[in-house]
Amino acid sequence: MSKRGFLYFLAGVSKQPALNELEKLGLGYAIQKGAEFTCVTVRGAGPGGESGMIIAFGPQERVGYYLDDQVWRRVPKSQSVWVGMYTEAQPGPDDLLRSDVLDGHLVELTDGRQWLCPVARGLIEEDGILLHSIRVPQRYDLNSDGNWELCAIVNKYAELWRIAEAFWDTFLHVSADNEAVTVELPFQDMNELTHAAATALAANYRLSAVEIAMLGIFDDVSARKVLEALVDFPTFQTFVEKKTVSLQADG
């Protein structure tokens, strides 16, 4: 079992918090299901020079504040939560993978490692055409006839689906002929694009925008690749390439 992971410092906290308290602090995403978390008290010399508690979710070899070996960053808009990691033992995809992942495409991010980026809006080829499919969990409800039917995306993945739909709607401004396919990229606002990509990656990994920034795994290319995976663009590319070859053979 991997022993690399992020550390979390809670300024001003002196006793071990309950899981629901950690969730209220916005750390629910980092909790490793079924694993215990370790707490170490730091007095007067933690991040920002404050006292508090360092928490590790899952097993780690060294839980504590070792500034010479670590880097820390305060969570934006938070006065009490910091995220840290060891500079020589940065967590990777194997360390942060969730137990309940969504199927997707492996994408190489700027760290050179392969990350499993989820597909929310998938594509299926039937009779030579592409049909879209919903690839995130949906809930069942009874209709007026008393029959069960799929009615909505489960709340956990509602934002992921919203991003996928928005990206798809603006992504494929396609004009195609026998020689070329051109694609106009959406989300020209890099802040919007990167936050959307962070949300997508976090569906399969125990991280947020802060951890992604600390790892430095996003640039303008890799963030778009995450969103392309979200709408199953690799399947679209394969379909177009096959169609192009077929057209050239017929010509």
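## Second largest pocket

The second largest pocket has 15 lining residues, and those nearest its centre are Pro76, His195, Ala209, Val210 and Ala213. On a 1 Å grid over the protein atoms alone, a pocket is an open set of points where a 1.4 Å probe fits, with protein on both sides within 12 Å along at least five of seven lines; lining residues have an atom within 4 Å of a point.

This pocket of the predicted model holds about 340 Å³, a volume being the space filled by probe spheres set on the points. H4 and helix H5 (209–215) each give at least two residues to its lining; helices are DSSP runs (H or I) of at least four residues, and strands (E) of at least two, numbered from the N terminus. Nine lining residues are nonpolar, four polar and two charged.

## Largest pocket

The largest pocket has a volume of about 430 Å³. Its lining comprises 19 residues, with Arg98, Asp100, Lys156, Ala202 and Ala203 closest to the centre. Helix H2 (93–96), helix H3 (158–171) and helix H4 (190–202) each contribute two or more of them. By class, the lining has eight charged, seven nonpolar and four polar residues.

## Confidence and conventions

Mean pLDDT (the predictor's confidence in each residue, from 0 to 100) is 87 for the protein chain, and 89% of residues reach 70 or more. Strand E7 (residues 114–118) has the highest confidence, at 98, and strand E12 (residues 175–176) the lowest, at a mean of 40. Over residues 174–182, pLDDT stays under 50. Where pLDDT is low, the predicted coordinates should not be read in detail.

Residues are numbered from 1 along each chain as its sequence is written, and side-chain values use heavy atoms, without hydrogens or water. Local features need pLDDT of at least 70 and side-chain atom pairs 80 or more, whereas totals for chains, interfaces and linings use all residues.

Technical notes:
Ala, Val, Leu, Ile, Met, Phe, Trp, Tyr, Cys and Pro count as nonpolar, Asp, Glu, Lys and Arg as charged, and the others, Gly among them, as polar. Contact means heavy atoms within 4.5 Å.
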